Amino acid sequence: MISPIQTIAIVGLGNVGSQLAKAFDNLAIPIQQVYNRNHSIAEALANEINAQAVTSLSEIKTDLCIIAVADDAIETVIHQIPKSVKIAYTSGGVKLQDLERKENIGVFYPLQSFSKGRTINLFEVPFFIEATDIDFAQQLFDLAWKISRKVQFVDSEQRRKIHLAAVFINNFVNHQIYIAEKLANTYKFDKALLYPLLRETIEKAIENGAYDSQTGPAKRNDKSVIEAQTNLLSGNDKAIYELITKSIIETYHDKL
């Protein structure tokens, strides 16, 4: 039988790290140590969850250290943690094979957008697990299963593809909402008028699939409306409108 992870440290207390720490703490899974570049943030969270706020990564001595830092910083952080400590990072885009460390290294990737001030129900969040060692991968799976019921083993290449799709559905969609809100400000109407449409758009896409839910002038290839709307835009907003319109027309061209 594979022994469970007993003690955990979390490095990086931004949106992901802090929510994981609190989720584990709420389920009486103790976080023993925390680290953040801004030590005052580490101290504040440590006081909240009864952990130790370490000032150096070399002080970490837990069974597992979860690294929740920017992708570009993962390798640097790993080099500073004792080799006796097992490490799992939370990135969707960094391949396990590309890291210099080959032992006691794994992935603990939650597929969700985390933001300050918003609490996520992690039981509904998919977690993707990978490790260089089968037993360590199982330990990470069992740990994730304590806070989520949507845990899967996924290799680095598939995880990167899932992350790519997530960028489209989260980051790009959010940016288009920002453009719509900016247009509301420009043309002096209440942006809240758009939110019932936004909710219906998302709910319908989830229920019926995005392909079957598509509506609008681009799907109809309504050239007069498209031209009129294009003329209201400029710069990047115009370029985005034209590119997405082109993509929609090409997606549904056989139905025109």
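A salt bridge joins the side chains of Lys-95 and Glu-157, with 3.3 Å from N to O. The term denotes a side-chain nitrogen of Lys or Arg within 4 Å of a carboxyl oxygen of Asp or Glu. Lys-95 sits in the loop between β5 and β6 and Glu-157 in helix α5, so the pair ties together parts that are 62 residues apart in sequence. Helices (H or I, at least four residues) and strands (E, at least two) are DSSP runs, numbered from the N terminus. Glu-157 counts as partly exposed, at 36% relative accessibility. Buried stands for under 20% relative accessible area, exposed for over 50%, and partly exposed for values in between (1.4 Å probe, protein chains only).

The model is predicted: local features need pLDDT of at least 70, side-chain atom pairs count only at pLDDT 80 or more, and totals for chains, interfaces and linings use all residues. Residues are numbered from 1 along each chain as its sequence is written, and side-chain values use heavy atoms, with hydrogens and water left out.

The structure holds six salt bridges. One of them pairs Glu-48 with Lys-22, the closest N and O atoms being 4.0 Å apart. Glu-48 belongs to helix α2 (residues 39-49) and Lys-22 to helix α1, so this pair ties together parts that are 26 residues apart in sequence. Glu-48 is exposed, at 52% relative accessibility. Lys-22 is partly exposed, at 34%.

Another salt bridge is formed by the side chains of Glu-130 and Arg-159 (3.1 Å, N to O). Distant parts of the chain are linked here: Glu-130 lies in strand β7 (residues 127-131) and Arg-159 in helix α5, 29 residues apart. Both Glu-130 and Arg-159 are buried.

Arg-159 is also among the residues touched by Ser-91. Ser-91 lies in the loop between β5 (86-89) and β6. Its relative accessible area is 5%, so Ser-91 is buried. The side chains of Ser-91 and Asp-71 are joined by a polar contact of 2.9 Å. Such a contact is a pair of N or O atoms within 3.5 Å; within protein, one must be able to donate a hydrogen and the other to accept it, and residues adjacent in sequence count only if both atoms are side-chain atoms. The side chain of Ser-91 also reaches the backbone nitrogen of Val-94, at 3.2 Å. Leaving aside residues up to four places away in sequence, Ser-91 touches Asp-71, Ile-74, Val-107, Tyr-109 and Arg-159. Contact here means heavy atoms within 4.5 Å.

The largest pocket has a volume of about 2,200 Å³. Its lining comprises 42 residues, of which Gln-176, Thr-201, Gln-214, Ile-244 and Ile-248 are the closest to the centre. Two or more lining residues come from each of α5 (156-186), α6 (195-208), α7 (210-213), α8 (217-220), α9 (223-230) and α10 (235-251). Helix α5 gives the largest share, 10 residues. By class, the lining has 29 nonpolar, 10 polar and three charged residues. Ala, Val, Leu, Ile, Met, Phe, Trp, Tyr, Cys and Pro count as nonpolar, Asp, Glu, Lys and Arg as charged, and the others, Gly among them, as polar.

A pocket was defined on a 1 Å grid over the protein atoms alone, as an open set of points where a 1.4 Å probe fits, with protein on both sides within 12 Å along at least five of seven lines; lining residues have an atom within 4 Å of a point. Grid points are joined across faces, edges and corners, and a volume is the space filled by probe spheres set on the points.

The second largest pocket holds about 960 Å³ of space. It is lined by 30 residues, with Leu-111, Gln-112, Ser-113, Phe-114 and Asn-170 nearest its centre. At least two lining residues each come from α1 (15-26), β6 (105-110) and α5. The largest share, nine residues, is again supplied by α5. The lining divides into 15 nonpolar, 12 polar and three charged residues.

Backbone angles complete the description. Most residues other than glycine have a negative phi. Asn-104, in the loop between β5 and β6, has a positive phi near 55°. Asn-104 is partly exposed, with a relative accessible area of 25%. Lys-188 also has a positive phi, of about 60°. Lys-188 is placed in the loop between α5 and α6 and is exposed, at 74% relative accessibility.
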